[in-house]
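Subject: Handover of a structural model

Dear colleague,

Please find below the sequence and the structure that I am handing over to you. A summary of what was found follows directly after them.

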Amino acid sequence: MENFFFHPTAIIDNGAKIGKGTKIWHFSHIMPNCVIGENCNIGQNVVISPDVSLGQNVKIQNNVSVYTGVICEDDVFLGPSMVFTNVINPRSHVNRKDQYMQTVIRKGASVGANATIVCGNEIGEYALIGAGSVITKPVKPYALVVGNPARQVGWVSKNGHKLHFDENGIGVCPETSEKYKLKDGKVSVIFD
């Protein structure tokens, strides 16, 4: 007996590894040799391609295709209808399966609805990608990015709140009171 839930319309291919407590919803396809961690939620009409790796507690909303070459670490959120690519110059008449590029979404990062992540980029931990954004270059940890092409417009806390830094480069999350330091274009958590 499986230790995860899957809707009767979901297709799970042999060789897929699915963690305890994960839920897979209507019309989703889990392909061979992918690894899905514990307590993930895979929404309706989601495709997880071969060799994809998802960490623990990854949430994937409806209508997302996670292509070969994508790695999502723990606590990643992928919004409805967001898009990954895996080849930089696709052509119907040219087979480039040996040229898939790796895209890494680091721990706690969130990608908004209808955003596009161009392959070969890394999204830093706890970064927040605004809805509809197009990512064409790497995104720093805790960065808030929006637009097409996406540009950084600020910094966010682990809980996704915009950070405002004082003259000493200290920002505080309004939800958790956790403190952050902005120094040399990088944000880090201050541990008391």
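Which residue in β25 does Leu182 stand opposite? Leu182 faces Val187. Strands here are DSSP runs of E with at least two residues, helices are runs of H or I with at least four residues, and both are numbered from the N terminus.

Before the details, a note on conventions. The model is predicted, so that local features need pLDDT of at least 70 and side-chain atom pairs count only at pLDDT 80 or more, while totals for chains, interfaces and linings use all residues. Residues are numbered from 1 along each chain as its sequence is written, and side-chain values use heavy atoms, with hydrogens and water left out.

Overall description

The protein has zero helices and 25 strands. Its C-alpha trace spans about 55 × 45 × 20 Å along the principal axes. The radius of gyration, taken over C-alpha atoms, is compared with a globule rule of 2.2 Å times the number of residues to the power 0.38. For 192 residues a compact globule would have a value near 16 Å, and the 18 Å of the protein agrees with this. The accessible surface comes to about 10,100 Å², with 50% of it belonging to carbon and sulfur atoms; areas were computed by the Shrake-Rupley method with a 1.4 Å probe, and for residues only the protein chains shown count as cover. Of the 192 residues, 39% are buried, where buried means under 20% relative accessible area, exposed means over 50%, and partly exposed lies in between (1.4 Å probe, protein chains only). Among contacts (heavy atoms within 4.5 Å) with a separation of 6 or more, 14% are between residues 24 or more positions apart.

Sheets and the hairpin

Two strands are said to pair if DSSP finds at least two bridges between them.

The strands of the opening question run antiparallel: four bridges join β24 (residues 179-183) to β25. They form a hairpin with two residues between them, and Asp184 in the turn has a positive phi of about 55°. In β25 (residues 186-189), Val187 and Val189 make up the covered face, whereas Lys186 and Ser188 make up the uncovered one.

Nonpolar core

A nonpolar core is a set of buried Ala, Val, Leu, Ile, Met, Phe, Trp, Tyr and Cys residues joined through side-chain atoms within 4.5 Å. The largest has 44 residues, and those with the most contacts inside it are Ile48, Leu54, Ile60, Val66, Leu78 and Ile123. At least two residues of this core come from each of β12, β21 (143-146) and β25. Leaving out residues up to four places away in sequence, Ile60 touches Asn41, Ile42, Gly43, Val46, Ile48, Leu54, Val66 and Leu78.

Individual residues

Val111, in strand β16 (residues 110-111), is buried at 1% relative accessibility. Its C-alpha atom is separated by 5.7 Å from that of Gly79, 32 residues apart along the chain. Beyond four places in sequence, the residues that Val111 touches include Phe77, Met82, Ile117 and Ile129.

Thr22 lies in the loop between β3 (17-18) and β4 (23-24) and is buried, with a relative accessible area of 0%. A polar atom of its side chain lies 3.3 Å from the backbone oxygen of Gly19, and a polar atom of that side chain lies 2.7 Å from the backbone oxygen of Gly37.

Most residues other than glycine have a negative phi, and most peptide bonds are trans. Asn33, which is not a glycine, has a positive phi of about 65° and is partly exposed at 48% relative accessibility. Tyr142 has a positive phi near 65° and is buried at 4% relative accessibility. The peptide bond from Asn148 to Pro149 is cis, with omega near -5°; Pro149 is found in the loop between β21 and β22 (151-155).

With kind regards

Technical notes: Polar contact = N/O pair within 3.5 Å; in protein donor to acceptor, adjacent residues only side chain to side chain.
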